[in-house]
Amino acid sequence: MGGAVHLIPEDGIGGVEVAAHALQASPAPSCEVCLMFMAGGPARSDSRAEYVSPALSVNNPLVWWRALRRLWRQRPEVLVCSLWRTVPVGLALKLFRPRTRLVFFLHLSAHAHLADRLLDAPMLLAADAVWADSRATLEARMGKSRKPSRVISFVTHAVQPMPEIRDLAPRLVFWGRLNRQKGLDRAIALVEALVSRGVDARFEIWGPDAGEKPLLEQQVQEAGLGKHVRFRGVTRREALPALAASHCFYLQLSRMEGMAMSVVEAMQLGLVPVVTPVGEIAGYCRDDENAIVVEEPGQMAAVTERLLALLQDEEGYRRLSRNARKTWENHPLYSDDFCAALRELTGDRG
C-alpha cells in the first residue's frame with residue numbers, strides 16, 4: 001500500500017501525541033501520514049487515528065503482535081517509531097521487510113529506564129534515519145551513530161498573540177503528565193518557600209496522573225498548602241489560552257526533558273517560564289531574558305528572592321513575557337518539518 005505510518009504506544013495528552021494529532025488536523029498538510037496507536041482508545045473525540053487494540057492495556061505484550069500484523073498487511077513505505085514500546089515492532093517489521101524505511105523518533109534527552117536504554121542500540125543500527133524533538137535530544141541519544149538525522153520542530157501551532165491584560169500576581173500553572181520527570185515535587189517546594197515569605201502564591205496543576213499524584217498530594221498536605229496548590233484534572237489544548245490568561249508564570253522544574261512542548265506553549269501564550277535547564281529548555285530559555293532559569297532546584301532561597309523581586313517589578317515582568325512570546329514567532333511548524341523529513345527520506349523533493 002505504501003505511504004507512511006507514525007506508530008505510537010497509546011493516545012494521550014503528551015507532546016508526542018499532541019504533535020501527531022496536530023499533523024493530521026493541519027488544514028493543508030503536505031504529506032499523508034497514518035497515525036497508529038498500538039493500545040487503548042482515543043483521547044480526543046475528533047481523532048482520525050487508527051487504534052489497533054483499543055480494549056487492551058499498553059502493557060499487554062499482545063499489542064505488539066497485533067500492531068506488527070496490522071503493519072504487515074498495510075505495507076507502509078516508511079514506519080516512524082516513537083517511544084520505546086514501538087521499537088520491537090519496528091525492528092521486527094524491518095527484519096522481515098527490509099525495504100521498509102524505518103525512522104527512530106526520539107523525544108527525550110535521557111533514557112526513561114533500562115528497557116529504553118537496551119533498545120537504543122539495535123534500533124539505531126536498524127533505522128534508516130533518526131529524528132528528534134530537539135538538538136539536545138539528538139546529541140544525547142545518537143552516541144557514535146552516523147545515521148542520517150534531523151531535528152523536527154515541536155511547535156504545533158502558530159499562536160495568535162494575546163493582549164497583555166493580566167495583573168501581575170503570584171499565580172503559577174503547570175500542564176502535563178503528573179510524573180517524577182516533571183519535577184512537580186520541586187515546584188511544590190518552591191510554592192512552599194514563597195508562602196513562608198508571606199506570599200499568597202497559588203499553583204494550579206493540570207494533567208492526568210502518571211503515578212506521582214498520591215505522593216504530590218501527600219506533600220501538599222504535609223506542607224499545609226491545601227489552599228495554595230490545587231490539582232485540577234485534565235484540560236484540553238483549546239482551553240490553554242484562557243488558562244494562561246489567569247496566570248503569570250509557568251512552573252516546571254523538570255529532572256529531564258526533550259523539547260518540553262508545554263513550556264513552548266506557555267511561552268507562546270506570554271507566560272514567564274520558571275524552569276530547570278534540562279534538555280532543549282537550556283537552549284531556548286534564557287535566564288533574565290525570556291525566563292527564570294533555576295540552576296539549583298534543591299536550593300529554593302535564591303529563586304524565591306528573584307520571584308519576590310520580579311513581583312515588585314511590573315516592567316521587568318512585561319519584558320520577560322514579551323520576549324517569551326517573541327522566541328517562537330515565525331518558527332517552523334511540526335507539520336511542515338515532519339513532511340519535509342519524509343520527503344527527504346523517500347527522495348521526493350515535492
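## The disulfide

With -65° about the S-S bond, the link between C31 and C339 is left-handed, and in this predicted model the sulfur atoms of the two residues are 2.0 Å apart. C31 belongs to the loop between α1 (15–25) and β2 (33–39), while C339 sits in helix α13 (residues 334–346), so the pair ties together parts that are 308 residues apart in sequence. The structure holds one disulfide, and both C31 and C339 are buried.

With a relative accessible area of 0%, C81 is buried.

## The sheet

Seven strands form an open sheet in the order β3-β2-β1-β4-β5-β6-β7, and their pairing is parallel. At the edges stand β3 (50–53) and β7 (149–151), each with a single partner strand, so one side of each is left without a neighbour in the sheet. From one strand to the next, the twist averages 25°.

Within this sheet, strand β5 (residues 101–106) runs parallel to strand β6 (residues 129–132), and four bridges join them; F105 stands opposite W131 in β6. Helix α5 (residues 135–142) packs on the sheet, where it touches β5, β6 and β7, and its direction makes about 150° with that of β7.

Note on methods. Residues numbered from 1 in each chain as written. Predicted model: local features only at pLDDT ≥ 70, side-chain atom pairs only at ≥ 80, totals over all residues. Heavy atoms only, no water. Pairing = 2+ DSSP bridges. Helix = DSSP H or I, 4+ residues; strand = E, 2+ residues; numbered from the N terminus. Axes fitted to C-alpha atoms, helices over the stretch in contact; angles between N-to-C directions. Contact = heavy atoms within 4.5 Å. Disulfide = S-S within 2.5 Å. Buried < 20%, exposed > 50% of the residue type's maximum accessible area, 1.4 Å probe, protein only.
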